[in-house]
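Dear colleague,

I am handing over the structure we spoke of, with the sequence alongside. Please have it open while you read my notes.

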Amino acid sequence: MPLIKSWVPGANDPDTDFPLNNLPCGVFSTDGGDPHCGVAIGDMILDVTAAEEAGVLSAGDEPVFDVPFWNDFMDLGPDAWAAFRADLTAALAENAVKKHALEPFLVPRGTATMHMPFAVSEYTDFYAGRNHAFNVGTMFRGPENALPPNWLHMPIGYNGRASSVVVSGTDLHRPRGQLKSPDHDMPAFLPSRRLDFELEMGAIVGQPSQGMVSVAEAEAMIFGYVLLNDWSARDIQAWEYQPLGPFQSKATATTISPWIVTKAALEPFRTSTPEREKPLLPYLREPGPMLYDIALEAALAPAGKPETVITRTNYREMYYSAPQQLAHHTTSGCPMNVGDLLGSGTISGKNAPERGSMLELSWGGKEPLTLESGETRSFLEDGDRLTLRGHAQGDGYRIGFGEATGAVLPALEDPYAR
Ligand code: CA
(Lines give C-alpha, C1' and ligand atoms only; values in the text may rest on other atoms or scores of the structure.)
Protein backbone atom coordinates (compact mmCIF):
# COMPACT_ATOMS: atom_id res chain seq x y z
CA MET A 1 0.00 0.00 0.00
CA PRO A 2 1.42 3.46 -0.90
CA LEU A 3 1.24 6.65 1.19
CA ILE A 4 -2.28 8.11 1.26
CA LYS A 5 -1.71 11.84 0.84
CA SER A 6 -3.30 14.25 3.29
CA TRP A 7 -3.93 18.00 3.42
CA VAL A 8 -2.68 18.15 7.04
CA PRO A 9 0.78 19.74 7.57
CA GLY A 10 3.56 17.20 8.01
CA ALA A 11 1.41 14.16 7.20
CA ASN A 12 3.14 13.42 3.86
CA ASP A 13 6.67 13.63 5.29
CA PRO A 14 8.25 10.18 4.79
CA ASP A 15 9.76 10.36 8.31
CA THR A 16 6.62 11.26 10.25
CA ASP A 17 5.30 8.56 12.57
CA PHE A 18 1.75 9.67 11.76
CA PRO A 19 0.83 9.71 8.05
CA LEU A 20 -2.80 9.32 7.00
CA ASN A 21 -2.18 5.55 6.78
CA ASN A 22 -1.69 5.45 10.57
CA LEU A 23 -4.41 7.44 12.44
CA PRO A 24 -3.47 6.26 15.98
CA CYS A 25 -5.74 6.95 18.94
CA GLY A 26 -4.64 8.98 21.96
CA VAL A 27 -5.83 11.26 24.74
CA PHE A 28 -4.35 14.75 25.05
CA SER A 29 -4.83 18.12 26.69
CA THR A 30 -3.57 21.63 26.00
CA ASP A 31 -3.05 24.53 28.40
CA GLY A 32 -4.23 22.52 31.40
CA GLY A 33 -7.65 21.92 29.81
CA ASP A 34 -9.71 18.75 30.05
CA PRO A 35 -8.24 15.68 28.31
CA HIS A 36 -9.84 14.93 24.94
CA CYS A 37 -9.65 11.95 22.59
CA GLY A 38 -7.49 12.73 19.58
CA VAL A 39 -6.06 11.13 16.46
CA ALA A 40 -2.47 11.96 15.47
CA ILE A 41 -1.99 13.13 11.89
CA GLY A 42 1.32 14.68 10.72
CA ASP A 43 2.31 17.54 13.02
CA MET A 44 -1.22 17.82 14.37
CA ILE A 45 -3.81 16.09 16.53
CA LEU A 46 -7.42 15.97 15.38
CA ASP A 47 -9.55 16.71 18.46
CA VAL A 48 -12.26 14.08 17.92
CA THR A 49 -13.98 14.92 21.22
CA ALA A 50 -14.56 18.52 20.07
CA ALA A 51 -15.41 17.42 16.50
CA GLU A 52 -17.98 14.93 17.80
CA GLU A 53 -19.50 17.53 20.13
CA ALA A 54 -19.80 19.95 17.20
CA GLY A 55 -21.52 17.29 15.11
CA VAL A 56 -18.71 17.22 12.53
CA LEU A 57 -17.68 13.61 13.25
CA SER A 58 -19.43 10.66 14.80
CA ALA A 59 -18.66 7.00 15.44
CA GLY A 60 -22.22 5.86 16.14
CA ASP A 61 -25.62 6.98 17.35
CA GLU A 62 -24.42 7.93 20.82
CA PRO A 63 -21.35 10.03 21.74
CA VAL A 64 -18.28 7.89 22.60
CA PHE A 65 -15.61 10.59 22.77
CA ASP A 66 -17.19 12.52 25.65
CA VAL A 67 -14.89 10.54 27.98
CA PRO A 68 -11.08 10.85 28.18
CA PHE A 69 -10.33 7.29 27.03
CA TRP A 70 -11.00 5.16 23.93
CA ASN A 71 -12.78 2.31 25.75
CA ASP A 72 -16.30 3.43 24.75
CA PHE A 73 -15.23 3.58 21.10
CA MET A 74 -13.55 0.14 21.34
CA ASP A 75 -16.76 -1.22 22.84
CA LEU A 76 -18.60 -0.43 19.55
CA GLY A 77 -16.75 -3.27 17.81
CA PRO A 78 -14.82 -3.97 14.61
CA ASP A 79 -17.48 -2.73 12.13
CA ALA A 80 -17.63 0.66 13.85
CA TRP A 81 -13.81 0.78 14.06
CA ALA A 82 -13.57 0.24 10.29
CA ALA A 83 -16.34 2.73 9.44
CA PHE A 84 -14.81 5.49 11.59
CA ARG A 85 -11.37 4.86 10.08
CA ALA A 86 -12.81 5.07 6.56
CA ASP A 87 -14.61 8.36 7.41
CA LEU A 88 -11.46 9.88 8.90
CA THR A 89 -9.32 8.72 5.97
CA ALA A 90 -11.70 10.34 3.48
CA ALA A 91 -12.01 13.57 5.47
CA LEU A 92 -8.24 14.00 5.94
CA ALA A 93 -7.19 12.98 2.42
CA GLU A 94 -5.89 15.47 -0.13
CA ASN A 95 -8.74 17.45 -1.75
CA ALA A 96 -11.29 16.25 0.82
CA VAL A 97 -14.53 18.22 0.82
CA LYS A 98 -14.60 18.02 4.63
CA LYS A 99 -11.27 19.90 4.98
CA HIS A 100 -12.83 23.22 6.03
CA ALA A 101 -15.16 21.52 8.51
CA LEU A 102 -12.29 19.65 10.23
CA GLU A 103 -9.56 22.31 10.12
CA PRO A 104 -10.78 24.12 13.29
CA PHE A 105 -10.33 20.87 15.27
CA LEU A 106 -6.62 20.44 14.54
CA VAL A 107 -4.24 21.14 17.42
CA PRO A 108 -0.43 21.37 16.99
CA ARG A 109 0.93 18.13 18.40
CA GLY A 110 3.92 19.94 19.97
CA THR A 111 1.63 21.87 22.34
CA ALA A 112 -0.20 18.80 23.68
CA THR A 113 0.29 16.89 26.91
CA MET A 114 -0.44 13.19 26.44
CA HIS A 115 -2.50 11.08 28.87
CA MET A 116 -3.32 7.37 29.11
CA PRO A 117 -5.15 6.54 25.85
CA PHE A 118 -7.44 3.95 27.45
CA ALA A 119 -8.55 2.83 30.88
CA VAL A 120 -6.59 -0.35 31.61
CA SER A 121 -9.00 -3.02 32.76
CA GLU A 122 -6.38 -5.61 33.68
CA TYR A 123 -2.78 -6.18 32.68
CA THR A 124 -1.27 -9.57 31.87
CA ASP A 125 2.41 -9.93 31.07
CA PHE A 126 3.64 -12.81 28.94
CA TYR A 127 7.08 -14.28 28.44
CA ALA A 128 6.71 -15.16 24.78
CA GLY A 129 10.03 -14.09 23.23
CA ARG A 130 12.15 -17.16 22.63
CA ASN A 131 15.54 -15.42 22.56
CA HIS A 132 14.78 -13.55 25.80
CA ALA A 133 13.55 -16.69 27.57
CA PHE A 134 16.61 -18.59 26.33
CA ASN A 135 19.06 -15.86 27.39
CA VAL A 136 17.56 -15.44 30.86
CA GLY A 137 17.26 -19.22 31.31
CA THR A 138 20.88 -19.69 30.25
CA MET A 139 22.07 -17.16 32.84
CA PHE A 140 20.11 -18.82 35.65
CA ARG A 141 20.11 -22.52 34.71
CA GLY A 142 22.62 -23.05 31.89
CA PRO A 143 21.92 -23.51 28.15
CA GLU A 144 20.70 -27.14 28.47
CA ASN A 145 17.84 -26.19 30.79
CA ALA A 146 17.31 -22.64 29.54
CA LEU A 147 13.72 -23.01 28.37
CA PRO A 148 11.26 -24.32 30.98
CA PRO A 149 9.64 -27.59 29.84
CA ASN A 150 6.28 -25.91 29.14
CA TRP A 151 7.72 -23.03 27.12
CA LEU A 152 7.45 -24.43 23.58
CA HIS A 153 3.89 -25.64 24.29
CA MET A 154 2.16 -22.50 25.53
CA PRO A 155 2.66 -18.76 26.04
CA ILE A 156 3.39 -18.49 29.77
CA GLY A 157 2.49 -15.32 31.67
CA TYR A 158 1.40 -13.86 34.98
CA ASN A 159 -1.23 -11.37 36.09
CA GLY A 160 0.35 -7.93 36.47
CA ARG A 161 -0.99 -4.67 37.86
CA ALA A 162 -3.27 -2.39 35.83
CA SER A 163 -2.95 0.33 38.48
CA SER A 164 0.70 1.07 37.69
CA VAL A 165 0.44 1.19 33.90
CA VAL A 166 1.51 4.76 33.06
CA VAL A 167 1.76 6.86 29.91
CA SER A 168 5.06 7.83 28.33
CA GLY A 169 6.70 10.78 30.08
CA THR A 170 5.90 9.54 33.59
CA ASP A 171 9.05 9.18 35.70
CA LEU A 172 9.37 6.45 38.31
CA HIS A 173 11.06 6.19 41.66
CA ARG A 174 13.52 3.36 42.04
CA PRO A 175 11.64 0.68 43.98
CA ARG A 176 12.69 -0.69 47.34
CA GLY A 177 12.28 -4.30 48.22
CA GLN A 178 13.70 -7.39 49.78
CA LEU A 179 17.13 -8.20 48.36
CA LYS A 180 19.00 -11.33 49.32
CA SER A 181 22.47 -12.17 48.13
CA PRO A 182 23.53 -15.85 48.15
CA ASP A 183 26.22 -15.19 50.80
CA HIS A 184 23.78 -13.68 53.33
CA ASP A 185 21.39 -15.62 55.56
CA MET A 186 18.87 -12.78 55.80
CA PRO A 187 17.37 -10.49 53.16
CA ALA A 188 17.83 -6.72 53.47
CA PHE A 189 15.25 -4.04 52.64
CA LEU A 190 16.96 -1.69 50.19
CA PRO A 191 16.51 0.24 46.93
CA SER A 192 16.87 -2.13 43.98
CA ARG A 193 20.40 -2.25 42.59
CA ARG A 194 19.38 -4.03 39.41
CA LEU A 195 16.62 -1.89 37.94
CA ASP A 196 15.98 -2.85 34.33
CA PHE A 197 13.68 -2.15 31.40
CA GLU A 198 11.96 -4.67 29.13
CA LEU A 199 11.30 -3.80 25.49
CA GLU A 200 7.83 -5.17 24.72
CA MET A 201 4.74 -4.52 22.67
CA GLY A 202 1.34 -4.27 24.34
CA ALA A 203 -1.83 -5.58 22.68
CA ILE A 204 -5.10 -3.89 23.66
CA VAL A 205 -8.24 -6.00 23.86
CA GLY A 206 -11.12 -4.08 22.28
CA GLN A 207 -13.94 -6.62 22.63
CA PRO A 208 -15.06 -8.72 25.60
CA SER A 209 -15.25 -12.52 25.76
CA GLN A 210 -17.12 -15.05 27.86
CA GLY A 211 -15.64 -18.54 27.75
CA MET A 212 -12.94 -19.83 25.48
CA VAL A 213 -12.21 -18.21 22.11
CA SER A 214 -10.22 -19.45 19.12
CA VAL A 215 -7.04 -17.77 17.90
CA ALA A 216 -9.03 -16.29 14.97
CA GLU A 217 -11.70 -14.93 17.34
CA ALA A 218 -8.98 -13.57 19.63
CA GLU A 219 -7.41 -11.78 16.67
CA ALA A 220 -10.73 -10.07 15.90
CA MET A 221 -10.97 -8.89 19.55
CA ILE A 222 -7.67 -6.97 19.46
CA PHE A 223 -8.04 -3.24 18.79
CA GLY A 224 -4.42 -2.15 18.52
CA TYR A 225 -0.89 -2.08 19.83
CA VAL A 226 1.42 0.17 21.87
CA LEU A 227 5.08 0.11 22.86
CA LEU A 228 5.48 -1.20 26.40
CA ASN A 229 8.36 -0.95 28.87
CA ASP A 230 7.86 -3.41 31.70
CA TRP A 231 10.25 -1.91 34.30
CA SER A 232 11.75 -4.76 36.32
CA ALA A 233 13.79 -4.92 39.54
CA ARG A 234 15.90 -8.00 38.84
CA ASP A 235 17.28 -8.37 42.37
CA ILE A 236 13.81 -8.19 43.96
CA GLN A 237 12.58 -10.63 41.28
CA ALA A 238 15.38 -13.13 41.93
CA TRP A 239 14.44 -13.49 45.61
CA GLU A 240 10.64 -13.38 45.31
CA TYR A 241 9.79 -15.20 42.08
CA GLN A 242 9.77 -18.85 43.15
CA PRO A 243 7.30 -20.52 43.03
CA LEU A 244 4.57 -18.01 42.12
CA GLY A 245 6.35 -15.69 39.70
CA PRO A 246 7.11 -11.95 39.71
CA PHE A 247 5.21 -9.80 42.19
CA GLN A 248 6.68 -6.53 43.56
CA SER A 249 9.61 -6.64 41.12
CA LYS A 250 7.29 -5.73 38.25
CA ALA A 251 4.59 -3.74 40.07
CA THR A 252 6.31 -0.33 40.24
CA ALA A 253 5.47 0.88 36.75
CA THR A 254 4.78 -0.26 33.20
CA THR A 255 5.16 2.52 30.64
CA ILE A 256 3.18 2.56 27.39
CA SER A 257 3.44 4.84 24.35
CA PRO A 258 0.56 7.36 24.18
CA TRP A 259 -0.82 6.40 20.75
CA ILE A 260 -2.72 3.17 20.13
CA VAL A 261 -1.72 2.06 16.63
CA THR A 262 -4.73 0.17 15.32
CA LYS A 263 -4.61 -3.29 13.86
CA ALA A 264 -6.01 -1.78 10.65
CA ALA A 265 -2.95 0.49 10.26
CA LEU A 266 -0.61 -2.48 10.76
CA GLU A 267 -2.41 -4.71 8.26
CA PRO A 268 0.21 -4.32 5.45
CA PHE A 269 2.97 -5.43 7.83
CA ARG A 270 1.67 -8.85 8.88
CA THR A 271 4.22 -11.60 9.23
CA SER A 272 4.20 -15.15 10.56
CA THR A 273 5.51 -16.46 13.85
CA PRO A 274 8.68 -18.55 13.39
CA GLU A 275 8.55 -22.23 12.57
CA ARG A 276 7.31 -24.29 15.54
CA GLU A 277 9.98 -26.31 17.30
CA LYS A 278 7.27 -28.52 18.83
CA PRO A 279 3.82 -28.89 17.30
CA LEU A 280 1.26 -26.77 19.11
CA LEU A 281 -2.01 -28.12 20.43
CA PRO A 282 -4.82 -27.27 17.98
CA TYR A 283 -6.28 -24.47 20.12
CA LEU A 284 -3.03 -22.50 19.74
CA ARG A 285 -2.57 -22.88 15.98
CA GLU A 286 -2.78 -19.68 13.94
CA PRO A 287 -4.97 -19.64 10.82
CA GLY A 288 -2.68 -17.03 9.21
CA PRO A 289 0.13 -14.53 9.88
CA MET A 290 -0.57 -12.70 13.16
CA LEU A 291 2.69 -10.96 14.00
CA TYR A 292 3.86 -7.66 12.52
CA ASP A 293 7.16 -6.45 11.12
CA ILE A 294 7.86 -3.56 13.51
CA ALA A 295 11.39 -2.23 13.96
CA LEU A 296 12.02 -1.46 17.64
CA GLU A 297 14.79 0.26 19.56
CA ALA A 298 15.67 1.34 23.09
CA ALA A 299 17.83 4.36 23.93
CA LEU A 300 19.44 5.22 27.27
CA ALA A 301 20.39 8.78 28.26
CA PRO A 302 22.14 9.50 31.58
CA ALA A 303 20.91 12.73 33.24
CA GLY A 304 21.98 15.71 31.15
CA LYS A 305 23.83 13.55 28.60
CA PRO A 306 23.01 12.52 25.02
CA GLU A 307 21.27 9.21 24.49
CA THR A 308 22.80 6.00 23.14
CA VAL A 309 20.67 3.52 21.21
CA ILE A 310 21.48 0.35 23.16
CA THR A 311 19.41 -2.19 21.25
CA ARG A 312 17.57 -2.67 17.94
CA THR A 313 15.16 -5.54 17.48
CA ASN A 314 11.84 -6.38 15.79
CA TYR A 315 8.40 -7.54 16.94
CA ARG A 316 8.56 -10.41 14.42
CA GLU A 317 11.05 -12.10 16.82
CA MET A 318 8.14 -13.22 19.04
CA TYR A 319 7.49 -16.97 19.24
CA TYR A 320 3.81 -16.45 20.14
CA SER A 321 1.53 -13.74 18.71
CA ALA A 322 -0.89 -11.64 20.78
CA PRO A 323 -3.92 -13.58 19.40
CA GLN A 324 -2.29 -16.83 20.61
CA GLN A 325 -1.71 -15.27 24.02
CA LEU A 326 -5.28 -14.02 24.19
CA ALA A 327 -6.74 -17.37 23.10
CA HIS A 328 -4.62 -19.15 25.73
CA HIS A 329 -5.77 -16.61 28.35
CA THR A 330 -9.40 -17.66 27.77
CA THR A 331 -8.85 -21.43 28.07
CA SER A 332 -9.68 -21.31 31.78
CA GLY A 333 -12.95 -19.58 31.00
CA CYS A 334 -11.43 -16.33 32.23
CA PRO A 335 -13.57 -13.46 30.82
CA MET A 336 -11.64 -10.79 28.96
CA ASN A 337 -12.74 -7.15 28.97
CA VAL A 338 -12.46 -4.07 26.80
CA GLY A 339 -9.25 -2.36 27.91
CA ASP A 340 -7.34 -5.49 28.91
CA LEU A 341 -3.65 -5.06 28.17
CA LEU A 342 -1.39 -7.97 27.17
CA GLY A 343 2.40 -7.48 27.37
CA SER A 344 4.20 -9.53 24.72
CA GLY A 345 7.21 -10.42 26.82
CA THR A 346 10.66 -9.03 26.18
CA ILE A 347 11.53 -8.92 22.49
CA SER A 348 15.16 -9.92 21.97
CA GLY A 349 16.77 -10.74 18.64
CA LYS A 350 19.24 -13.57 18.20
CA ASN A 351 22.36 -11.39 18.34
CA ALA A 352 23.85 -9.53 21.29
CA PRO A 353 23.02 -5.95 20.10
CA GLU A 354 19.38 -6.99 19.66
CA ARG A 355 18.65 -7.89 23.29
CA GLY A 356 15.64 -6.20 24.88
CA SER A 357 16.79 -5.74 28.51
CA MET A 358 19.86 -4.64 30.48
CA LEU A 359 19.96 -8.09 32.10
CA GLU A 360 20.69 -9.58 28.68
CA LEU A 361 22.70 -6.68 27.21
CA SER A 362 25.13 -6.70 30.18
CA TRP A 363 24.78 -10.48 30.59
CA GLY A 364 23.74 -10.30 34.23
CA GLY A 365 26.11 -7.40 34.90
CA LYS A 366 29.23 -9.27 33.73
CA GLU A 367 29.62 -7.27 30.49
CA PRO A 368 28.70 -3.61 31.18
CA LEU A 369 27.66 -1.49 28.21
CA THR A 370 29.71 1.57 27.27
CA LEU A 371 27.53 4.55 26.38
CA GLU A 372 28.43 7.35 23.95
CA SER A 373 29.09 9.60 26.97
CA GLY A 374 31.85 7.17 28.01
CA GLU A 375 29.90 5.98 31.06
CA THR A 376 29.22 2.29 31.57
CA ARG A 377 25.99 0.62 32.65
CA SER A 378 25.05 -2.85 33.84
CA PHE A 379 21.61 -1.74 35.07
CA LEU A 380 19.77 1.60 35.20
CA GLU A 381 21.07 4.34 37.49
CA ASP A 382 19.22 7.27 39.05
CA GLY A 383 18.70 10.01 36.45
CA ASP A 384 18.81 7.60 33.49
CA ARG A 385 16.11 8.09 30.87
CA LEU A 386 15.01 5.03 28.91
CA THR A 387 13.10 5.55 25.66
CA LEU A 388 11.49 2.95 23.40
CA ARG A 389 10.65 3.73 19.77
CA GLY A 390 9.14 1.66 17.00
CA HIS A 391 7.74 1.82 13.50
CA ALA A 392 6.67 -0.35 10.59
CA GLN A 393 8.34 0.78 7.37
CA GLY A 394 6.05 1.16 4.36
CA ASP A 395 6.86 2.29 0.84
CA GLY A 396 7.51 6.02 1.30
CA TYR A 397 5.84 6.22 4.72
CA ARG A 398 6.04 4.67 8.17
CA ILE A 399 3.51 3.59 10.75
CA GLY A 400 5.12 4.96 13.92
CA PHE A 401 4.32 4.44 17.58
CA GLY A 402 5.92 7.62 18.92
CA GLU A 403 7.86 7.00 22.14
CA ALA A 404 7.54 5.28 25.49
CA THR A 405 9.92 7.20 27.74
CA GLY A 406 10.54 7.54 31.46
CA ALA A 407 13.37 8.56 33.78
CA VAL A 408 14.54 6.84 36.96
CA LEU A 409 14.22 8.99 40.10
CA PRO A 410 15.94 8.15 43.41
CA ALA A 411 14.10 5.76 45.72
CA LEU A 412 11.52 7.35 47.99
CA GLU A 413 12.32 7.56 51.70
CA ASP A 414 11.91 4.31 53.63
CA PRO A 415 9.26 5.12 56.30
CA TYR A 416 11.00 2.76 58.75
CA ALA A 417 14.37 4.53 58.37
CA ARG A 418 13.16 7.91 59.74
CA1 CA B 1 7.76 -8.46 30.99
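This is a predicted model: local features need pLDDT of at least 70, side-chain atom pairs count only at pLDDT 80 or more; totals for chains, interfaces and linings use all residues.

The chain is divided into two parts, domain 1 covering residues 25-115 and domain 2 covering residues 123-412, and the C-alpha centres of domain 1 and domain 2 are 29 Å apart. Their contact draws on 18 residues from domain 1 and 17 residues from domain 2.

The area buried between domain 1 and domain 2 comes to about 1,300 Å², with 71% of it given by carbon and sulfur atoms. On the domain 1 side, Cys25, Met74 and Trp81 together supply 43% of the area that this domain buries against domain 2, which is more than any other three residues. As for polar links, there are zero salt bridges between domain 1 and domain 2, whereas three residue pairs are in polar contact between them, both residues of each pair being at pLDDT 80 or more. The elements that give two or more residues to the side of domain 1 that touches domain 2 are the strands β1 (25-29), β2 (36-41) and β5 (113-115), together with the helices α2 (71-75) and α3 (78-92). Of these, α2 gives the most, with four residues, and the residues on that side of domain 1 divide into ten nonpolar, five polar and three charged.

The calcium ion has as its protein donors Asp125 (OD), Glu198 (OE), Glu200 (OE) and Asp230 (OD), which lie 2.2 to 2.4 Å from the ion. Along the chain these donors follow the spacing D-x72-E-x1-E-x29-D. Because Asp125 lies in strand β6 (residues 123-126) and Asp230 in strand β14 (residues 222-230), the pair ties together parts that are 105 residues apart in sequence.

Asp230 also forms a salt bridge with Lys250, the closest N and O atoms being 3.3 Å apart. That pair links distant parts of the chain, with Asp230 in strand β14 and Lys250, 20 residues apart from it, in the loop between α7 (234-240) and β16 (254-256). The count of salt bridges in the model comes to 20.

Most residues other than glycine have a negative phi, and most peptide bonds are trans.

With best wishes

Technical notes. Residues are numbered from 1 along each chain as its sequence is written. Side-chain values use heavy atoms; hydrogens and water are left out. Domain bounds come from an automatic or database domain assignment. Contact means heavy atoms within 4.5 Å. Buried area is the accessible area (1.4 Å probe) that two parts lose on being put together, summed over both. A salt bridge is a side-chain nitrogen of Lys or Arg within 4 Å of a carboxyl oxygen of Asp or Glu. A polar contact is a pair of N or O atoms within 3.5 Å; within protein, one must be able to donate a hydrogen and the other to accept it, and residues adjacent in sequence count only if both atoms are side-chain atoms. Ala, Val, Leu, Ile, Met, Phe, Trp, Tyr, Cys and Pro count as nonpolar, Asp, Glu, Lys and Arg as charged, and the others, Gly among them, as polar. Donors are N, O and S atoms within 2.8 Å of the metal (3.2 Å for Na, K and Ca); water is not among the atoms, so sites may look incomplete.
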